[in-house]
Each structure stands twice: as C-alpha cells, then as structure tokens.
Amino acid sequence: MSGFAEKVGDTIEGTFISVSTDEKKQRLDICNLCDSFIKSTKQCKECGCFMEVKASLKTMKCPLEKWKV
C-alpha cells in the first residue's frame with residue numbers, strides 16, 4: 001500500500017492526526033489558485049486526489065510542493 005491509501009490506513013489505526021482548520025484552509029487556498037486544480041470536482045490533475053480530503057491529512061503533501069511542510 002502506498003500514498004493516499006497508506007495514509008488512510010494510518011488514520012484508521014489511530015496513528016494519524018489531521019491538520020488544523022486554518023492549515024486546511026491555507027492548503028485549499030493554494031489549490032484554488034493552482035492551474036492543476038479542477039474546480040468542478042475539487043481534484044488535483046497531478047495526483048487525482050480529492051483535495052477537500054487530502055488537504056486535511058497532516059502527512060499528505062502537494063505533488064507540486066506548494067504546501068508548506
């Protein structure tokens with residue numbers, strides 16, 4: 001298992017912590033300005049992830065490295 005599925009598994013096992021509401025908003029603000037963001041589905045063209053979910057997961061990263069770490 002790798003990537004998003006692995007992080008979801010970590011969440012289920014209780015080893016994962018989500019980001020704050022403010023950080024999620026900052027990440028989504030960055031996504032909304034990105035040319036790789038599909039606004040109609042709120043997905044990233046680079047990774048295919050649904051960003052409303054991905055942006056809330058602490059260990060997830062932007063594939064274009066636009067989110068601060």
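Helices (H or I, at least four residues) and strands (E, at least two) are DSSP runs, numbered from the N terminus. Leaving aside residues up to four places away in sequence, phenylalanine 50 touches Thr41, Lys42 and Gln43, where a contact means heavy atoms within 4.5 Å. The C-alpha atoms of phenylalanine 50 and phenylalanine 37 are separated by 9.8 Å, and the two residues are 13 residues apart along the chain.

## Basis of the model

Residues are numbered from 1 along each chain as its sequence is written. Because the model is predicted, local features need pLDDT of at least 70 and side-chain atom pairs count only at pLDDT 80 or more, while totals for chains, interfaces and linings use all residues; side-chain values use heavy atoms, with hydrogens and water left out.

## Overall architecture

The chain contains 3 helices and 2 strands, and from the N terminus on these elements run α-α-β-β-α. Of the 69 residues in the chain, 29% are buried. Buried means under 20% relative accessible area, exposed over 50%, and partly exposed in between (1.4 Å probe, protein chains only).

Among contacts between residues at least 6 apart in sequence, 51% join residues at least 24 apart. The accessible surface of the chain comes to about 4800 Å², and 55% of this surface belongs to carbon and sulfur atoms. Accessible areas come from the Shrake-Rupley method with a 1.4 Å probe; for residues, only the protein chains shown count as cover.

## Helix H2

Helix H2 comprises the 13 residues 21-33, which at 1.5 Å a residue should span 18 Å; its end C-alpha atoms are 19 Å apart, in agreement with that value. The expected span is 1.5 Å times one less than the number of residues.

The buried residues of H2 are Arg27, Leu28 and Cys31. Seen down the helix axis, these buried residues fall within an arc of 95 degrees, so they line one face of H2; the arc is that of the directions from the helix axis to the C-beta atoms. Their cover includes strand S1 (37-38) and helix H3 (51-54). On the face turned away from the buried side, H2 carries the exposed residues Asp22, Lys25 and Leu33.

## The cavity

The structure holds 1 cavity of 30 Å³ or more, and the largest cavity has a volume of about 100 Å³. A cavity is a set of points, on a 1 Å grid over the protein atoms alone, where a 1.4 Å probe fits but cannot get out; lining residues have an atom within 4 Å of a point. Grid points are joined across faces, edges and corners, and a volume is the space filled by probe spheres set on the points.

Residues lining the largest cavity include Ile30, Cys31, Phe37, Met51 and Trp67. Cys31 is also one of the buried residues of H2.

Most residues other than glycine have a negative phi. Lysine 42, although not a glycine, has a positive phi of about 60 degrees. Lysine 42 is found in the loop between S1 and strand S2 (43-44) and is partly exposed, with a relative accessible area of 40%. Glutamate 65, also not a glycine, has a positive phi near 60 degrees. Glutamate 65 is placed in the segment after H3 and counts as exposed at 71% relative accessibility.

Methionine 60 lies in the segment after H3 and is buried, with a relative accessible area of 8%. The C-alpha atoms of methionine 60 and serine 18, 42 residues apart along the chain, are separated by 9.7 Å.

Technical notes:
1 Å grid on protein atoms, 1.4 Å probe; cavity = no way out; pocket = protein on both sides within 12 Å on 5 of 7 lines; lining within 4 Å.
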